[in-house]
Amino acid sequence: MKHAIQALGWATTILWILVILFSGTVVYSAMQIKMNFEEEHQVTTSDNALTRSIPFSISNGGLYEISELNITTLIVAENETSISRSTSLVPLIPKTSTVNEIHNISVSLEDILDKNLTYLLLNDTDLNVDMFIALTYAYAIPLKISSNLTMPWGAPLYNLAIGGISIVSPNQVNVSLSFKNHAFFSLNGTVRLEIVDSNNRTHSGTADIFVLSEDSYDKAIPVAMEATPGDVVEVHLYFDEMYLESWTLVMAIG
Amino acid sequence: MAEDKGMQMFLKKMIPKVLKATVMGLLWFFLLYALPTLFLSELVEEVLPGYTQLLSIFAIVIVFFVVVSELLAGTIFQYAFNIGKALVFMAFFIYALNGGFIAFDLEFVHIEADLRVYLAMLLTIDFLGLAKSLLQAIDFLGKKTERQLAI
């Protein structure tokens, strides 16, 4: 009995010392972890999607390893529709080491059009960015960190307006089209403008567009007329652009 | 005369116990309350605001059990209180760590920690302490019975 009691006493003391040491070193080590998201972001394009690459580094100066690090960002529009979900995985960050990784956030304008979020093309707004970080610390403590931020969204066709229609010749009118590209990417492609008149006849013209980010577009698009037009009822805009592939906008006039 | 002698014997027996209990109580109070308050109070208050109060309760409970255990040393009640201490600590750890899942907000960041493994470590130690106290109580009663039988 005496030996059993002694053994239990020793075991309790040793385990208390280990737990206190573990607690202290975990707190100390957690304070030695540094995350850096401040490097310059890169914007690239592929498969009709815009990808913002966010380089980050995690410096684990502690005494324990970080495993199964998962960074997920979810971009959500005002009506709670998901625009983008991106995940980065880092299997292991050994102790006293720094890991450099890139978190890619992809936004496809095609998806935006498919999800009936066309207002994002015409109006500036704030998007909600939900950020989730999950990791296991010291192989014993799973942690979940979440944060909610807002990100300004600049519309690529901000303040889109069809201006006056001026008659150039009996067979041609010029229709002025203007907008400002508030997006962080440039627009490069063509726009076809179709006028539907009160006689239900259509007349069309095409123009190239190349608008850098934060630049304005204000040009007259020549439209060929086979006959004297009636009153303009509708204007159809067909964008054939790198990101706005085959997007049609119908604007009622008057 | 006999009463005075009895009183003297009682005091002779109790004064060292009271002194030891006082010293042990102060030592544990210093280790579990004064030191953490001195070094960690700002951090704990900032990160886990409710935990300063829990730390105080933990220190009070430990000091209470240490003092009582010292005062009742050499009696079966010492082991009974040690068993009670192990059970109270188990309940306390489960409550303080919210069953192993704690969550808190740090500025605009929400953090959730799964401390079930850590809680399991603490509960294991308490189980060992509980087993030790039970064995001590059985041993104490066994020896007492043996003495009575010998007389």
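Where in chain A does Ala138(A) lie?

1. Basis of the note. The model is a predicted one, in which local features need pLDDT of at least 70 and side-chain atom pairs count only at pLDDT 80 or more, while totals for chains, interfaces and linings use all residues. Residues are numbered from 1 along each chain as its sequence is written, and chains are lettered from A and ligands numbered from 1 in the order in which they are written.

2. Form of chain A. Chain A contains three helices and 15 strands; helices (H or I, at least four residues) and strands (E, at least two) are DSSP runs, numbered from the N terminus. Its radius of gyration is 29 Å, whereas a compact globule of 254 residues would have one near 18 Å. This radius is taken over C-alpha atoms, and the globule rule is 2.2 Å times the number of residues to the power 0.38. Along the principal axes, the C-alpha atoms of chain A fill a box of roughly 115 × 30 × 25 Å.

3. Burial and contacts in chain A. Of the 254 residues of chain A, 17% are buried. A residue is buried if 20 or more other C-beta atoms lie within 10 Å of its own, exposed if 12 or fewer, and partly exposed in between, with C-beta atoms placed from the backbone. Among contacts in chain A between residues at least 6 apart in sequence, 62% join residues at least 24 apart; two residues are in contact if their C-beta atoms, placed from the backbone, lie within 7 Å.

4. The interface of the two chains. Contacts link 18 residues of chain A with 21 residues of chain B. On the side of chain A that touches chain B, α1 (2-31) and β8 (141-153) each supply at least two residues, and the largest share, nine residues, comes from α1(A). By class, this side of chain A has 13 nonpolar, four polar and one charged residues. Ala, Val, Leu, Ile, Met, Phe, Trp, Tyr, Cys and Pro count as nonpolar, Asp, Glu, Lys and Arg as charged, and the others, Gly among them, as polar.

5. An open sheet of six strands has the order β5(A)-β4(A)-β7(A)-β8(A)-β2(B)-β1(B), with antiparallel pairing. At its edges stand β5 (82-93) of chain A and β1 (101-106) of chain B, each with a single partner strand, so one side of each is left without a neighbour in the sheet. Two strands pair if DSSP finds at least two bridges between them. Between the chains, five bridges join β8(A) to the antiparallel strand β2 (residues 109-114) of chain B, and Ile145(A) stands opposite Ile111(B). Within chain B, β1(B) and β2(B) pair in the antiparallel sense over six bridges, where Ala113(B) in β2(B) is the bridge partner of Ile102(B).

6. Two loop residues with positive phi. Ala138(A) lies in the loop between β7 (125-137) and β8 of chain A. Its phi is near 55 degrees, a positive value in a residue other than glycine. Ala138(A) is partly exposed, with 19 other C-beta atoms within 10 Å. Glu214(A), in the loop between β12 (202-211) and β13 (216-224) of chain A, has a phi near 75 degrees, which is likewise positive in a residue other than glycine. Glu214(A) counts as exposed, with 12 C-beta neighbours inside 10 Å.
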